[in-house]
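Let's take a friendly walk through this protein, one neighbourhood at a time. Please have the sequence and the model open side by side.

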Amino acid sequence: MVVLSVKPLFIILVVFLSLVLAIVLLLPPSPFSQTVLSSNLTLGTSDIWSVRRMVEWRPCKWWLQGHLSALPLENNGYIRVDCYGGLNQMRRDLCDGVGIARLLNATLVLPKFEVAAYWNESSGFADVYDVEYFIQQMNGFIKVVKELPPEIASKEPFRVDCSKRKGQFDYIETVLPSLLEHHYISITPAMSQRRDRYALYAKASLCQACYSALRLTRSLENKASELLEAIPKPFLSLHLRFEPDMVAYSQCEYSGLSPSSVKAIEAARGDRKPWTGELAHVWRKRGKCPLTPNETAFILQSLSIPTDTNIYLAAGDGLMEIEGLTSVYTNVVTKSSLLSDEDFTSMHGNTKAALDYYVSINSDSYVATYFGNMDKMVAAMRAFKGLYKTLFLSRRAFAEFTSQGFSGKDLMQALWKAHLDDYVMGRGSALPDCFCEFKL
């Protein structure tokens, strides 16, 4: 019979537990555990901006440290990027197009901004952006020309369909042959690019174009600067999306809207009918329904943002139900209230969008009710400038909590915690293509 001594076993157990405790104490705390702790802050103790962030997104060193490889002496031809939609969508197309052109070792022709009646638009690239500055800033990243050689200038570019091209090898295998054959092609990049599959020199060109090379024309920048100066300080720029076309596109139904709003939405719907029954419930819980101005005001209050905050409303024409916001937040200003009637009525869609963009990247804080092209661009540029008071309101969290029956203070507390975690972890504050995570 074997008899074990209790004392040695006890000593071994104590030593083992001591080692485990030492390892736990020496390990850095996990972001998750810190986020949970931060969420225990209660509503009303401070506003959302007072909370210490754990993660920030900063421009990646591989982009800022300079050109990764010299431009080849010979190129494969010329590429023009044809851009469609609103200003920020066209800006996104241009950024992607620059990366593709560098990937294919092509010379970039100044992009073409398509005239769009829907956007009340007629301005081109040179009407919005400083061409000389763009060419200068892209020097070494990619060659840009204002004019084509005489033997090509008289020709229209060969149109290449890029709607299904997303990664490096897609373009090399299917677009490069057309470039080599025709020497001058036009492209519109697909909406969902796999930029992570680009070579670093192509990504660097894209990043440089997006965040360093696009400067407004002098006259437009002066107008934007005047607008910025006229806004009471400090201020929050709020990108609110509740226009008829936006609501119609979402296929969401709303109760309690004014007759004029209902009529405008119905006129914009066309064949796109709203979801009904259980599908409507699921759709809303997935965060697909735009926040109303009233819902936006409620969430801002949940984030302890004072109701006397100066707010610049960065929004398009036709915003509905605005009283739901201004009845709570009374210090709201808009472009139309700060600019002269003559200035405002003479502006096209791109000009107005450029003003909103300029004000938003220079505001003390920025809040968006959507995650569209403007919001992504503004958030990234604010990160580039070192401005981190940026937040995207969660339509999904609002829908989820309200569907569970939350209301009043309970709903406010739940929304506070949901948005606090997003802000602390820097979620959505910059796109990962050109920015790298930096833990504080």
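Contact here means heavy atoms within 4.5 Å. Keep in mind as we go that this is a predicted model.

Let's begin at Glu56, a residue of strand E1 (residues 55-59). Not counting residues up to four places away in sequence, Glu56 touches Tyr388, Cys436, Glu437, Phe438 and Leu440. Its side chain also has a polar contact of 3.0 Å with the side chain of Arg58. With a relative accessibility of 11%, Glu56 counts as buried, because the cut-off for buried is under 20%.

Now for the aromatic rings, which form 12 pairs in this model. One of them joins Trp63 and Phe384: the ring centres are 5.7 Å apart and the planes meet at 25°, so the pair is stacked. Trp63 belongs to helix H3 (residues 61-64) and Phe384 to helix H20 (residues 373-384), so this pair ties together parts that are 321 residues apart in sequence. Trp63 is buried at 2% relative accessibility, while Phe384 is partly exposed at 29%. Ring pairs also link Trp63 and Phe384 with Tyr211 and Phe435 into a cluster.

Another aromatic pair, Phe371 with Phe392, is edge-to-face, with 4.8 Å from centre to centre and 85° between the planes. Phe371 sits in the loop between strand E10 (365-368) and H20, and Phe392 in strand E11 (residues 390-392), so the pair ties together parts 21 residues apart in sequence. Phe371 is partly exposed, at 36%, whereas Phe392 is buried, at 11%.

Finally, look for charges over rings. The charged end of Arg53 sits over the ring of Tyr423, 4.6 Å from its centre. Likewise, the charged end of Lys288 sits over the ring of Trp283, at 5.7 Å from the ring centre.

Note on methods
Residues are numbered from 1 along each chain as its sequence is written. This is a predicted model: local features need pLDDT of at least 70, side-chain atom pairs count only at pLDDT 80 or more; totals for chains, interfaces and linings use all residues. Side-chain values use heavy atoms; hydrogens and water are left out. Helices (H or I, at least four residues) and strands (E, at least two) are DSSP runs, numbered from the N terminus. Buried means under 20% relative accessible area, exposed over 50%, partly exposed in between (1.4 Å probe, protein chains only). A polar contact is a pair of N or O atoms within 3.5 Å; within protein, one must be able to donate a hydrogen and the other to accept it, and residues adjacent in sequence count only if both atoms are side-chain atoms. Rings of Phe, Tyr and Trp (its six-membered ring) pair if their centres lie within 6.5 Å; planes under 30 degrees apart count as stacked, over 60 as edge-to-face and the rest as tilted. A charge sits over a ring if NZ of Lys or CZ of Arg is within 6 Å of the ring centre and within 35 degrees of the ring normal.
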